[in-house]
Amino acid sequence: MMGAVGAAGLPALLSHSAQAAAKPNFLFILADDMGWRDPSCYGHEFHETPHIDQLCAEGMQFTDAYAACPVCSPTRASIFSGQYPARVGVIDFIPGHWRPFEKLRVPRNRTQYLPEEIITLTEALKPAGYTSGLFGKWHLGGEARHMPTNQGFDVQRVTAGAHYKFNTHPKDTIPPELNQADYLTGECERFLEANRERPFCCFLTHYAVHIPLQADKDLIEKYANKPIPEGGVNNPVYAAMVEHVDRSVGRILKKLDELDLAQNTVVVFFSDNGGLRQIYTGRGPIVSTNAPLRAEKGTLYEGGIREPLLIRWPGVIQPGSVCHTPVSSVDFYPTFLEIAGVPKPEQPLDGESLLPLLEKKGTLQRDTLYWHYPIYHHSIPAGALRQRDYKLIEFFDDNHLELYNLKQDIGEQTNLADTQQEITEKLHQALIAWRTEVNAAMPVPNPDYDPARAQEWGQHPG
C-alpha cells in the first residue's frame, strides 16, 4: 500500500506554518471522458454532483475551457508538458486508432509514451521542494521507464482495466467489490496525510466515467428509480459513475479540511476530453449527451473538446466567480509554475499562465487556441482553431472548411465558411502556419483505400 510515501530522499520536513507561507500545494482531479454538461453546476438535470458543485461555489467556474485533444493520451501529455499534442508528437491515444482501408493513412504517434526529453511539470517543480504523486490513469507509456516515477513523480499508483477487479502498478491486492474511484481516493488521502508538512503536487486521475459502464448497485438503483427529466439522455449507470467521481471530490475536500490544508491548496477539477455520447465508436447504445454542444469525444466539435473546469484557491480566487475566457489544458503547466514562483524550463511552452484570470487582475495575451487530430475516430481527420468568438475546423479527407460563431451558435449548427470567406481564409492561413510551427504530422493518401472496407478497424501497427 502507501506506507512508504514521504520516506527518505525527499526534502527535509517543513513546519506546516512555514510550508503554508512558502509554497501553495496543488491538487489536480482529472476525470476521464466527463462531458462539459455532466456536473449539475454546468446544467445537468439528472446527475447529482453536490461536491463538485461545492467546488464551483467556492472557486472559479470556467465556461470555455478546452482539452488540447478530443482523446485522453494527448491531453494528458499537454498537461504534463505545457505543449500542444502536435508539438509533443502524441496526437492520438496510445497506441492509437487505425482504419487500414480508409481514404487517408493517418500519422502515428512519434512515441508511444511521453517523450523522455520533455521536462514535465513535476520535474520543473521539484527544485522548489515539491513532492508529487499520481494516483490513477496514466496512459502515457506502459513500460517501467515511462511510468510517472520516471517522469518526475515521487509516488505512483497507476491503474488500468475496468472499474472493478482492476490492475495496479505497483501491484496491490484489490477486493473485488471495491470501485476504482474509491480505491484511488483512498490512495490520494494517504498521500496527503504523509505529505501535509511539505509542498506537494498531487494528481488524482480517475478512470471514471470512461466505459465500461460499471458502478455500485445502490447508486445504479438510485438513478433507476429517479424521475427522468424530459429530453436528453439519462442513463442510470452512467449517472452513478458521475456520482462516484463526485463522492471522491467530496472525500478529498474533506481530507484537506481535516489536515488544515484547504487554505493553501490550489484545487483543480477538469476532464481529459469531451463526453462520450455513444459507446463502441458509433455502433453501441447512446448513454449520454453533450447538448447544447455538438457531437462527442473523438471529434473537434465543441462536444469533443470543451470541458468542465473548476479551480479553487481560498484567499485568491473569489468564491462563485465565473470566467468566460477560452483556456486550454496547455495552460496548467505555466500556471502552476507562476503560482509556485518557479522559472520556466528551457523548452517551448504553448500555454499561458491563468493567474491574471484567477486573481481578476488582467486577461490573457493570446487570442487563439489550436487543435490537431488527424485521426479517424468519431469523425474524420481534422484540425481546428478558435480565435475569440470564431472557430474554424478543417477536414483533411476533402479539405472542406467549417466556420462557426460560438457566441451566437454554441451548437455549431450554422456553417459560415461560404458567407464569411475573408474570416475563413484568414483563420485557415493561421491554422496552416501553426501546423508548420509545431511540426504537426499530417495524413497522406492511403494506397490501400477501399471504400467498401473503409469503416473497418484494424490493429494499430504501432
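**View A. Strand S1 (residues 25-31) runs parallel to S8, joined to S8 by seven bridges.** Strands are DSSP runs of E with at least two residues, numbered from the N terminus, and two strands pair if DSSP finds at least two bridges between them. Leu 30 stands opposite Phe 270 in S8. The model is predicted: local features need pLDDT of at least 70 and side-chain atom pairs count only at pLDDT 80 or more, while totals for chains, interfaces and linings use all residues. Residues are numbered from 1 along each chain as its sequence is written, and side-chain values use heavy atoms, with hydrogens and water left out.

**View B. Strand S9 (residues 306-312) pairs with S8 in the antiparallel sense over three bridges.** Arg 312 in S9 stands opposite Val 267.

**View C. Strand S8 (residues 265-271) is mostly covered, with seven of its seven residues buried.** Buried means under 20% relative accessible area (1.4 Å probe, protein chains only). Thr 265, Val 267, Phe 269 and Ser 271 point one way from S8, and Val 266, Val 268 and Phe 270 point the other way.

**View D. The largest cavity has a volume of about 50 Å³.** A cavity is a set of points on a 1 Å grid over the protein atoms alone where a 1.4 Å probe fits but cannot get out; lining residues have an atom within 4 Å of a point. Grid points are joined across faces, edges and corners, and the volume is the space filled by probe spheres set on the points. The structure holds three cavities of 30 Å³ or more. Residues lining the largest cavity include His 97, Trp 98, Tyr 376 and Asn 446.

Technical notes: On a 1 Å grid over the protein atoms alone, a cavity is a set of points where a 1.4 Å probe fits but cannot get out, and a pocket is an open set with protein on both sides within 12 Å along at least five of seven lines; lining residues have an atom within 4 Å of a point. Buried means under 20% relative accessible area, exposed over 50%, partly exposed in between (1.4 Å probe, protein chains only). Helices (H or I, at least four residues) and strands (E, at least two) are DSSP runs, numbered from the N terminus.
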